[in-house]
Amino acid sequence: MHYIAAIDQGTTSSRCMIFNHAGEPVSSAQMEHKQIYPQPSWVEHDANEIWANTETVIRDALAKAGLRACEIAAIGITNQRETTLVWDKKTGQPYHNAIVWQDTRTDSICAQLAGDEGQDRFRRQTGLPLATYFSGPKIKWLLDNVAGLRTAAERGDALFGNMDSWIIWKLTGGVNGGAHVTDVTNASRTMLMNLDGTAWNDEILAEMEIPKQMLPKIRPSSDPEVYGYTVGNGPFGGRIPVCGDLGDQQAATVGQTCFNVGEAKNTYGTGCFMLLNTGIEIVHSKNGLLTTPCYKFGREPTVYALEGSIAIGGAVVQWLRDQMRLINTAADVENLARMVEDNGGMYFVPAFSGLFAPYWKSNARGAIVGMTRYLTRGHFARAALEAVAYQTREVLDAMEADSGVKLKALKVDGGMVANELLMQYQADVLGVPVTRPKVSESTALGAAYAAGLAVGFWKSTEEMRLNWGIDKTWQPSADETPRVQNYMMWKKAVTRTFDWVE
């Protein structure tokens, strides 16, 4: 068995990638799924569509590589975090569409839970501020608004999971004894797990009125005891161990082999997410970052991270393509932005789902400021890309303030790192080199590493680190305009989005 399979269930698509021992992809298959917007600021996914797509990409990836399932040593899962699903364990049918992490319908629930104690009421226990981002308030919304769901949950018939739990349950048999599990990284994003352990917090569950029996069992991210095995009628066939599970950003950190304290990466996907490894020490942020488990391998102690979460990264390019129709494909945005020399004085703050780190303002909304008749389509594309770079700078500033560590270089991955204009501007805004690895899809690779480590396919983190290599590095420009004047104007533009929703 010479290969590891990774299922990467993301916000806009599902993918299966197969890796060899050198950490190289030997095949990949991907399918997009529909984004459902029932009303402004609500975002949903059809979990059945996602599972159907997952089955298809698994079969396609195996076929492209010319592999039989028996040649796969283990399977790892990585997923969009916080996206919340509740399904019937007897029928396998969701009670409601999955509520996506970007969705803000739980704003009033979060305000009610905050009460007089404020947004940081549960931060000490969970590492998270009360925000619409996280799963717990979404579960409460479902229980309060879906007819019959609370009764089913109390009866033990309703199962909650982020998308990792859904995929693992389906892979390992579903209604016929599927494993209802999650890992420590995904559990931490519910706002229901104790940060200093692997147990659900009974006090917070009571406050949110969530029955404990609907929650999955918390397991290590890389688990030699195995979550379960694939079944004969599934896309992989029978008896392949499913034993790796990481939320997408933690998976990318593992894929980038950031195993040492002080190592950081930034993933440019639908959103942007920077993680800094803080080791086995829990570091509480004073600057708007999240404290989160980074990974737990077997019986080893949990490794933690500081995280800066940005809601809209690549999603702004998707918006230019699908809603505004300024481009035909996501790749077109770079050529359009290169038609102009700068942003023409326009700044675009894409607070479509409020502002995440470091502000945590769910009542903010997007703004475009500094517009004149001089501006063209190229300036819109340029301002959109620059917004990604400025948001990353804000998170890095907070991270350096919390950790006391001055970053010397930034490892990057995700779909947007193919955009070389963005990567150069990112280096210019940060004032540090930006490095793209040979395997830029670090999220899937991290899930593969977690699964492979569990079955001995890779023996240690040092063996995995040997696979990492540099594809390209962008050095910052000597011109300080991007990181001084332009960044100052960006900070001014951000203030215009505050408190838009009353």
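Helices here are DSSP runs of H or I with at least four residues, numbered from the N terminus. The model on screen is predicted.

**Stop 1: helix α12.** Select residues 377-403. At 1.5 Å a residue, these 27 residues should span 39 Å.

Stop 2: Step on to Gly 404, which follows α12. Its phi is positive, near 75°.

**Stop 3: the largest pocket.** Centre the view on Thr 12, Tyr 268, Gly 269, Thr 270 and Gly 415, the lining residues nearest the middle of the largest pocket. The space there is about 920 Å³. In total, 38 residues line it. Next, show β2 (13-19), β3 (25-32) and β13 (264-268), then α9 (248-255), α10 (315-322) and α11 (332-337). Each supplies at least two lining residues. Which element gives the most? It is α10, with 4 residues. Colour the lining by class: 12 residues are nonpolar, 17 polar and 9 charged.

**Stop 4: the second largest pocket.** Select Tyr 37, Val 43, Trp 319, Phe 352 and Ser 353, which lie nearest the centre of this pocket. Its volume is about 450 Å³. The lining has 22 residues. By class, 9 of them are nonpolar, 11 polar and 2 charged.

Methods. Residues numbered from 1 in each chain as written. Predicted model: local features only at pLDDT ≥ 70, side-chain atom pairs only at ≥ 80, totals over all residues. Heavy atoms only, no water. Expected span 1.5 Å × (residues − 1). 1 Å grid on protein atoms, 1.4 Å probe; cavity = no way out; pocket = protein on both sides within 12 Å on 5 of 7 lines; lining within 4 Å. Points joined across faces, edges and corners; volume = space filled by probe spheres on them. Nonpolar A, V, L, I, M, F, W, Y, C, P; charged D, E, K, R; others polar.
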